[in-house]
Amino acid sequence: MKDYLKMLKALIFVFLAVQIVQTVLSHKKRTEEQSQELPHVTTDRLSITPMCGAELSALIEETDKTDKETADAYRDMLNGATENPDKFLWYTAWKITSKESGEMIGDLCFKGMPENRQPEIGYGIIEKFRCNGYATEAVYAMCKWALDMQNAAAVEAETAPENEASQRVLTKVGFIPTGESGKEGPRFILKKTTACKN
């Protein structure tokens with residue numbers, strides 16, 4: 001009887017071990033599939049990838065120390081991505097990385113996907129990497145991704161009136177002024193029919 005109980009315990013142990021291994025492997029496979037599904041937009045010099053929730057949380061924590069306004073913008077992105085998992089790519093921040101150095105040089109985001117399928121794009125380059133054409137390169141690539149690959153009807157943007165550098169980026173990509181203003185300033189639009197000038 002004792003031998004039978006020992007054997008039964010051993011079988012139960014093996015069964016549970018197999019179940020745990022299968023669960024771990026299944027989780028690993030799902031994670032790999034999800035990471036493969038995430039888009040990876042590249043240009044000659046840049047790699048642009050969507051940030052996961054953990055990356056955004058780390059960015060919020062880091063930015064909170066120096067720039068509360070930007071940290072709040074990242075919070076809005078994280079909240080939007082969490083509340084709209086089916087539209088995750090349209091809410092999360094996208095990391096802009098230099099292919100050469102591997103350094104993060106900035107980020108961009110779409111501010112959700114509205115019913116009219118005209119998402120708004122926002123972008124920023126870390127100060128020491130500015131004046132190298134990175135913003136134009138990244139915005140052009142992501143607008144192309146949105147319009148061609150995701151079938152957005154148009155891409156909109158808004159920038160402060162005094163931010164001439166940002167306005168030059170939009171003009172180079174092919175955005176045109178709408179004649180309207182939003183919270184941040186003049187609004188611009190890039191339609192599928194507009195020829196990109198980059």
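Analyst: Start with the cover. The buried residues of helix α2 are covered by elements that include α3 (68-83), β3 (93-98) and β4 (104-110). Keep in mind that this is a predicted model.

Now the helix itself. Helix α2 runs over residues 53-64, which makes 12 residues. At 1.5 Å a residue, α2 should span 16 Å. Its end C-alpha atoms are 16 Å apart, so expectation and model agree.

Which residues of α2 are buried? They are Leu56, Leu59, Ile60, Thr63 and Asp64. These residues cover an arc of only 130° around the axis, so they sit on the same side of α2. An α-helix has 3.6 residues a turn, so residues three or four places apart point the same way. The other side of α2 is another matter: there, Ala54, Glu61 and Glu62 are exposed.

The protein chain has five helices and eight strands. From the N terminus on, the order is α-β-β-α-α-β-β-β-α-β-α-β-β. Of its 198 residues, 36% count as buried. Among contacts with a separation of 6 or more, 56% join residues 24 or more positions apart.

In soluble globular proteins, nonpolar side chains tend to be buried together. Here, the largest nonpolar core has 33 residues. Ile48, Trp94, Phe110, Ile121, Met142, Trp145 and Phe175 touch the most other members. The elements that give two or more residues to this core are β2, β3, β4, β5 (121-125), α4, β6, α5 (164-173) and β8. Helix α4 gives the largest share, 10 residues. A second, separate core has nine residues, and Leu56 and Leu59 are among them, along with Met77 and Leu78. Leu56 and Leu59 are the two buried residues of α2 to remember here.

Setting aside its neighbours within four places in sequence, Met142 is in contact with Val41, Ile48, Trp94, Leu108, Phe110 and Ile121.

The buried residues of α5 are Ser166, Val169, Leu170 and Val173. Seen down the axis of α5, they fall within an arc of 95°, so they line one face of the helix. That face packs against β5, α4, β6 and β8. Just after α5, Gly174 takes a positive phi of about 120°.

Next, step back to strand β2 (residues 46-50), where Ser47 lies. Is Ser47 buried or exposed? Its relative accessibility is 14%, so Ser47 counts as buried. The side chain of Ser47 makes a polar contact with the side chain of His40, at 3.0 Å. Beyond its neighbours within four places in sequence, Ser47 also touches residues including Lys95, Ile96 and Thr97.

Now for charges. Side chains of opposite charge can pair when their charged atoms come close. The model has 12 salt bridges. Arg75 and Asp72 are three residues apart in helix α3, so about one helical turn separates them. Arg75 is partly exposed, at 28% relative accessibility. Asp72 is partly exposed as well, at 41%.

Lys144 is partly exposed, with a relative accessible area of 44%. Asp148 is partly exposed at 48%.

A further salt bridge joins Arg187 and Glu156, at 2.5 Å, N to O. This pair links distant parts of the chain: Arg187 is in strand β8 (residues 186-191), Glu156 is in strand β6 (residues 154-158), and 31 residues separate them. Both Arg187 and Glu156 are buried. The two also belong to a network of salt bridges with Lys111, Glu120, Glu158 and Glu184.

Key:
Residues are numbered from 1 along each chain as its sequence is written. This is a predicted model: local features need pLDDT of at least 70, side-chain atom pairs count only at pLDDT 80 or more; totals for chains, interfaces and linings use all residues. Side-chain values use heavy atoms; hydrogens and water are left out. Helices (H or I, at least four residues) and strands (E, at least two) are DSSP runs, numbered from the N terminus. The expected span of a helix is 1.5 Å times one less than its number of residues. Buried means under 20% relative accessible area, exposed over 50%, partly exposed in between (1.4 Å probe, protein chains only). The arc is that of the directions from the helix axis to the C-beta atoms. Contact means heavy atoms within 4.5 Å. A polar contact is a pair of N or O atoms within 3.5 Å; within protein, one must be able to donate a hydrogen and the other to accept it, and residues adjacent in sequence count only if both atoms are side-chain atoms. A salt bridge is a side-chain nitrogen of Lys or Arg within 4 Å of a carboxyl oxygen of Asp or Glu. A nonpolar core is a set of buried Ala, Val, Leu, Ile, Met, Phe, Trp, Tyr and Cys residues joined through side-chain atoms within 4.5 Å.
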